[in-house]
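Please look over the sequence and the structure before reading on.

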Amino acid sequence: MSTTPSDPLAALGALPGVTGAVDSVRKAVDRVYGHRVMRRRSNEVTAEAALRGARGSAALAGADWNLEEVRRRTDFSGEPEARTVGAALRLTAEAGQMLSIWRQSPLRVLARLHLVAAGGAAPDDSVGRPRLSGEPVEEPVIEAPLPDADEVSGRLEGLSELIITGSAAPALVTAAVVHGELLALRPFGSHNGLVARTAERIVLIGSGLDPKSICPAEVGHAEQGRASYVAAFEGYLSGRPEGMAAWIAHCGRSVELGVRESTAVCEALQRGAA
């Protein structure tokens with residue numbers, strides 16, 4: 001597919017600094033996929049990456065539990081932090097089931113992800129649909145001004161059209177834009193950060209960059225810290241080329257840190273220690 005004015009994602013891929021980030025991510029992903037453990041035990045690596053990715057996403061949402069607590073816990077219905085971790089775990093499990101639907105109906109997938117995150121906890125009909133005018137939004141990380149409901153609707157439709165139409169852009173660019181746009185819009189009354197990071201995961205898997213879902217960007221987002229995450233997002237929100245490039249590079253670094261995490265898992269499995 002050629003780059004045209006109607007392919008804005010591909011134009012972002014040509015920004016200074018983005019090509020280097022894309023190349024670096026591709027090399028890192030290729031290295032972990034080439035690890036000898038992946039030949040026979042990739043399912044174990046995938047399962048561990050899912051757990052660690054969920055822990056990272058929950059940490060950014062304010063529930064910074066250690067990995068062993070996430071692994072040990074079976075009941076996530078109690079205090080708010082437990083519910084956040086439970087939502088992140090459910091979303092990670094759901095991501096792999098949404099790939100074919102995502103390519104045809106991204107908005108349907110986003111609605112489903114919000115339903116899964118909420119876990120049936122909401123007493124009204126606000127779950128699983130974009131917020132209406134005047135409805136509040138609970139988002140513990142992003143404090144940027146909220147677009148109104150009409151703007152949210154229009155931009156969601158535009159994002160959906162970009163995904164369905166397809167792009168020549170690298171997977172990292174598409175994933176970063178999906179993630180950033182959902183953070184900017186905060187289309188639901190709750191769990192927007194968790195949903196945005198899950199959508200990023202879906203793009204990375206479905207694009208073929210990370211088909212076995214072993215490169216959890218959520219780990220890297222959490223490792224770089226909330227302040228770095230918010231600062232990079234502000235670059236996206238600015239709409240300026242250098243800000244967009246900084247956000248894409250931040251997302252790329254997050255994938256690379258996720259690769260490092262899964263490489264460590266592979267090494268532990270090889271030693272028989274995991």
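Which helix gives the most to the lining of the largest pocket? Helix H5 does, with 5 residues.

The model is a predicted one, in which local features need pLDDT of at least 70 and side-chain atom pairs count only at pLDDT 80 or more, while totals for chains, interfaces and linings use all residues. Residues are numbered from 1 along each chain as its sequence is written, and side-chain values use heavy atoms, with hydrogens and water left out.

**Pockets**

Rolling a probe the size of a water molecule over the atoms shows where empty space is left. Here a 1 Å grid over the protein atoms alone is used: a cavity is a set of points where a 1.4 Å probe fits but cannot get out, a pocket is an open set with protein on both sides within 12 Å along at least five of seven lines, and lining residues have an atom within 4 Å of a point. Helices are DSSP runs (H or I) of at least four residues, numbered from the N terminus.

The largest pocket is lined by 31 residues, and Arg83, Ala118, Glu138, Ser190 and His191 are the closest to its centre. At least two lining residues come from each of H5 (80-95), H7 (106-118) and H10 (192-206). The second largest pocket has 16 lining residues, with Trp102, Ile163, Thr174, Val203 and Ser207 nearest its centre, and two or more residues of this lining are given by each of H6 (99-104), H8 (149-165), H9 (171-185) and H10.

The table gives the volumes, each being the space filled by probe spheres set on the grid points.

| Space | Volume |
|---|---|
| Largest pocket | about 700 Å³ |
| Second largest pocket | about 270 Å³ |
| Largest cavity | about 60 Å³ |
| Second largest cavity | about 40 Å³ |

In the classes used here, Ala, Val, Leu, Ile, Met, Phe, Trp, Tyr, Cys and Pro count as nonpolar, Asp, Glu, Lys and Arg as charged, and the others, Gly among them, as polar. The lining of the largest pocket divides into 13 nonpolar, 10 polar and 8 charged residues, whereas that of the second largest pocket has 10 nonpolar, 5 polar and 1 charged.

**Cavities**

There are 2 cavities of 30 Å³ or more in the structure. H10 gives the most to the lining of the largest cavity, with 5 residues, and the residues of that lining divide into 5 nonpolar, 1 polar and 5 charged. Among those that line the largest cavity are Arg197, Asp210, Cys215 and Glu218. Arg197 and Glu218 also line the second largest cavity, together with Ala54, Ser57, Ala88, Leu91, Thr92, Leu194 and Thr198; H3, H5 and H10 each supply at least two residues there.

**Packing of H3 and H11**

Helix H3 (residues 38-60) packs against helix H11 (residues 217-224) at an angle of about 40°, with the axes 7 Å apart. Because angles under 35 degrees count as roughly parallel, over 145 as roughly antiparallel, 65 to 115 as roughly perpendicular and the rest as oblique, H3 and H11 are oblique to each other. The contact (heavy atoms within 4.5 Å) involves Arg52, Gly53, Arg55, Gly56, Ser57, Ala59 and Leu60 of H3 and Glu218, Val219, His221 and Ala222 of H11. By class, the residues of this contact are 4 nonpolar, 4 polar and 3 charged.

How values were computed. Axes are lines fitted to C-alpha atoms, for helices over the stretch in contact, and angles run from 0 to 180 degrees between N-to-C directions.
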